[in-house]
Each structure stands twice: as C-alpha cells, then as structure tokens.
Amino acid sequence: GDDALPFIPVPVPGSGTKTPAAKTNSQDKESLLSLISSLSSSDPAGLNADDPPSDLLPLISALASSPSNLLTTRPVTEKDLAGKWTLIYSNSGMIKFSQGLTGLASTLPNGSFLSLTQTLTHNSYASDCLYSESISAGAGSIVSATVDGDWNLRSSVSLLTGEPCVIVNVEPLNVKHSGTTTRADHWKSVRCMNMLNLDYIDGDLRIMRGNTSLDTVFVWKREEE
C-alpha cells in the first residue's frame, strides 16, 4: 500500500561531518551533474569510462548526507520514486561488461549502448517497473529492448555497514526485443539492478548504491512529464 516506511535517518558511508549549508548542497549537486556530463558527453552513462574520478564518490556521499536528500528528512514512499528516470551514470562492473542492462549492445554486430530509462509506477493494485533500452546497431539502425517487472521499497539493514537502509527491490519478469520475449531469469545481466540501496533522492535526482558494493553507483535523472 501507500504506507510509509518507518522513518529512520539513513547513515551514509563516509559522512561524519556536520550538515553542509543549503548553498553547498546545491553546489555539490551541480558539481556532480557537471562531472557526469563531462564523462558521458560522448559515452552514454559513462559505461566506457575508466575508474570514476576521485571526487565522484565523495560528492555523492556529501549529497546523501545533506538536507536536500528526502531520506534525511522524512519517510520515503513509492510515490517519491514513481516516474520515468534516465540512467546518466554507472560504474557497475556488470553494466560496463554488458554495455547496458540487457547485454544486447555487447552481442549485436556493431552494437553500442545509447540510453536506458526506468519507469516506475505505483498504485493500490500494483507497482510496475519498465526498463527501456536503446542500442545502436550501426548504419542508423536502432534496436529497442524492454524489461518489465515488479518493484517495491523495503527497510533493511546494510550487509556491509550494519546500519539501516532503504532498498529498492526489482523483480524482472520479461525481456522483449526484435519481436521476441524471454523470461528475465534467463538474462544474467539484468540482475545487477534487482536489489539496490536508495542513497539519495530529491525531485529530479536519484542515486542508488550496490547492496554488496557501496562503491558501485547508479545515478538516475527524472524525466519531465
């Protein structure tokens, strides 16, 4: 249902400093988005970038402990995440290896990743997740793939820190592309986003961390409706 999770301020890895001023929050967000923009200008979502710049993870940690993060101020519900989000950066080893969520970009001849969106819907009947991925197949040809499934939020305890955390749990069901439909449990690559920690969320930015690797991040930007 729409019942909010019990509100427990979520400790953030590496955040032991006092809360920065609102101006600093804004600067941290602008700095992060600028850094990601430079990484992904000719490389969508930075999937071919080397190790993340040294200031990327500290910027994310600073943002996560700031008052602009809804997690630090009130309970977060499914409604806060509902909407269409575009992946603007990830350093996930699986995403890099697969060149996207489905892995099609790494298996199609002349394939290259173009974009990935995640649309989360929520009502009293169901919570649906739909990933839409675009892959260039060369010569102006674009292949579109979707992964549908269910999702939910749940309170948990970090496997690594022992601290409270909020997990976004996605259960992929079907992968569809080029007129074919395959059960998602046959696709290893789609599992990398099945269970991630919600690290930061505001009106238009959401940052997820790996459940078993806090240095693995997924940065999503909300699309305007």
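The legends below describe close-up views of a predicted model. Residues are numbered from 1 along each chain as its sequence is written, and side-chain values use heavy atoms, with hydrogens and water left out. Local features need pLDDT of at least 70 and side-chain atom pairs count only at pLDDT 80 or more, whereas totals for chains, interfaces and linings use all residues.

**View A. The largest nonpolar core has 37 residues.** A nonpolar core is a set of buried Ala, Val, Leu, Ile, Met, Phe, Trp, Tyr and Cys residues joined through side-chain atoms within 4.5 Å. Buried means under 20% relative accessible area, exposed over 50%, and partly exposed in between (1.4 Å probe, protein chains only). The residues with the most contacts inside this core are Leu81, Tyr131, Met193, Leu198 and Trp220. Two or more residues each come from strand 1 (83-90), helix 5 (104-107), strand 2 (112-122), strand 3 (127-136), strand 4 (142-157), strand 5 (164-177), strand 7 (195-201) and strand 9 (217-222). Strand 4 gives the most, with five residues. Helices (H or I, at least four residues) and strands (E, at least two) are DSSP runs, numbered from the N terminus. Apart from this core lies another, of 15 residues, among them Leu35, Ile60, Ile88 and Val217.

**View B. Met193 and its contacts.** Contact means heavy atoms within 4.5 Å. With neighbours within four places in sequence left aside, Met193 is in contact with Leu87, Ile95, Leu101, Leu116, Tyr131, Val170, Phe218 and Trp220. Met193, Tyr131 and Trp220 are among the residues with the most contacts inside the largest core.

**View C. Lys29 forms salt bridges with Asp202 and with Asp204.** A salt bridge is a side-chain nitrogen of Lys or Arg within 4 Å of a carboxyl oxygen of Asp or Glu. The closest N and O atoms of Asp202 and Lys29 are 2.8 Å apart. This pair links distant parts of the chain, 173 residues apart: Lys29 is in helix 1 (residues 22-40), and Asp202 is in the loop between strand 7 and strand 8 (205-210). For Lys29 and Asp204 the N to O distance is 2.6 Å, and these two residues are 175 residues apart. Lys29 is buried, with a relative accessible area of 17%, whereas Asp204 is partly exposed at 31%.

View D. Asp202 is buried, with a relative accessible area of 11%. The side chain of Asp202 reaches two backbone nitrogens, that of Asp204 at 2.9 Å and that of Leu205 at 2.7 Å. Not counting residues up to four places away in sequence, Asp202 touches Lys29, Ser68, Leu70, Trp85 and Arg222.

**View E. The salt bridge of Arg74 and Asp80.** The side chains meet at 2.8 Å, N to O. Arg74 counts as partly exposed at 33% relative accessibility, and Asp80 as buried at 14%. Elsewhere, salt bridges that share partners join Lys29, Asp202 and Asp204 into one network. The structure holds five salt bridges.

**View F. Arg206 over the ring of Trp85.** The charged end of Arg206 sits 4.5 Å from the ring centre of Trp85. A charge sits over a ring if NZ of Lys or CZ of Arg is within 6 Å of the ring centre and within 35 degrees of the ring normal. Trp85 is also one of the residues that Asp202 touches.

Note on methods. A polar contact is a pair of N or O atoms within 3.5 Å; within protein, one must be able to donate a hydrogen and the other to accept it, and residues adjacent in sequence count only if both atoms are side-chain atoms.
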